[in-house]
Amino acid sequence: HMPGAVPGDIKYADVNKDGSIDSRDQILVDQTNIPQMTFGFNADFRYKGFDLSVLLQGQADAKQFFGGYFPVMSYSLGNFLNWRAADRWTPENTDAKMPRASYENMNNNTINSTQWLINADFLRVKNVQFGYNLPTRVSKRIGMENLRFSVSASNLLLIYDHMKALGFDPETTDYWYYPPQRVVSFGINATF
């Protein structure tokens with residue numbers, strides 16, 4: 001244990017096996033918020049007068065760091081404080097995922113460690129558009145060349161998101177970034 005450790009503090013590994021936990025036990029973690037893989041999938045489907053377009057995007061093998069000592073203001077956005085407190089160690093909850101609560105700004109739990117690396121992989125339904133073109137014979141009867149109805153949605157769904165509990169978007173590397181909003185639009189295109 002670190003000097004001054006109390007029940008509920010994070011346990012650190014004695015990496016160099018010298019019998020003490022100190023700066024010589026720090027290791028290089030080859031995981032960053034820059035994904036090793038980004039991907040996307042775009043598909044268009046058409047059947048009779050209907051059309052559907054779908055765009056998926058995502059990233060894999062990325063981690064976001066949410067630990068160490070940062071002023072609480074850094075986490076005022078999102079649900080960081082709730083995430084940090086929801087499953088914290090207490091004498092009644094000894095199998096907790098989070099260390100104990102503390103009034104101290106600097107303690108054994110504010111040291112940088114892999115405890116605070118959060119998986120930032122995700123798959124997002126970035127855009128979906130569904131439309132219907134009236135048959136030409138019908139649109140011509142009402143005095144139009146073409147009449148199309150559509151509905152589209154952006155940022156419709158986020159799948160496999162480990163950062164959801166924190167209230168942050170996994171695509172960002174900036175805590176102050178405002179996440180993309182879900183937008184649903186309806187449209188009518190008429191050609192005379």
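**Strands, a ring cluster and one threonine**

Visitor: Where do E1 and E2 sit, and how many bridges join them?

Guide: This is a predicted model, and in it 11 bridges join E1 to E2, with the two strands running antiparallel. E1 covers residues 37-47, and E2 covers residues 50-60. As one example of the pairing, Phe-45 has Leu-52 in E2 as its bridge partner.

Visitor: What's going on at Lys-48 in that hairpin?

Guide: The hairpin of E1 and E2 has 2 residues between the strands, and Lys-48 takes a positive phi near 50 degrees there.

Visitor: Is E1 largely in the open or largely buried?

Guide: Largely in the open, because the number buried is 1 of its 11 residues.

Visitor: OK, and E5, which strands is that joined to?

Guide: E5, residues 122-133, is joined to E2 by 10 bridges, antiparallel. Another 10 bridges join E5 to E6, residues 146-159, and that pairing is antiparallel too. Leu-56 has Val-125 in E5 as its bridge partner, while Asn-127 stands opposite Ser-154 in E6.

Visitor: Switching to rings. How many aromatic pairs are there?

Guide: The count comes to 2 aromatic pairs. Phe-50 and Phe-130 make a stacked one, 5.9 Å centre to centre with 20 degrees between the planes. Phe-50 lies in E2 and Phe-130 in E5, so this pair ties together parts 80 residues apart in sequence.

Visitor: And what about Phe-50 with Tyr-132, what geometry is that?

Guide: That pair is tilted, because the planes are at 40 degrees; the ring centres are 4.6 Å apart. Together, ring pairs link Phe-50, Phe-130 and Tyr-132 into a cluster.

Visitor: How accessible are Phe-50, Phe-130 and Tyr-132?

Guide: Phe-50 is partly exposed at 39% relative accessible area. Phe-130 is partly exposed at 39% relative accessibility, and Tyr-132 counts as partly exposed at 26%.

Visitor: Last one, Thr-32. Where is it found?

Guide: Thr-32 is found in the segment before E1. At 38% relative accessibility, Thr-32 counts as partly exposed.

Visitor: What does Thr-32 contact, leaving aside its neighbours within four places in sequence?

Guide: Thr-32 is in contact with Ala-62 and Lys-63 on that basis.

Technical notes
Residues are numbered from 1 along each chain as its sequence is written. This is a predicted model: local features need pLDDT of at least 70, side-chain atom pairs count only at pLDDT 80 or more; totals for chains, interfaces and linings use all residues. Side-chain values use heavy atoms; hydrogens and water are left out. Two strands pair if DSSP finds at least two bridges between them. Helices (H or I, at least four residues) and strands (E, at least two) are DSSP runs, numbered from the N terminus. Buried means under 20% relative accessible area, exposed over 50%, partly exposed in between (1.4 Å probe, protein chains only). Contact means heavy atoms within 4.5 Å. Rings of Phe, Tyr and Trp (its six-membered ring) pair if their centres lie within 6.5 Å; planes under 30 degrees apart count as stacked, over 60 as edge-to-face and the rest as tilted.
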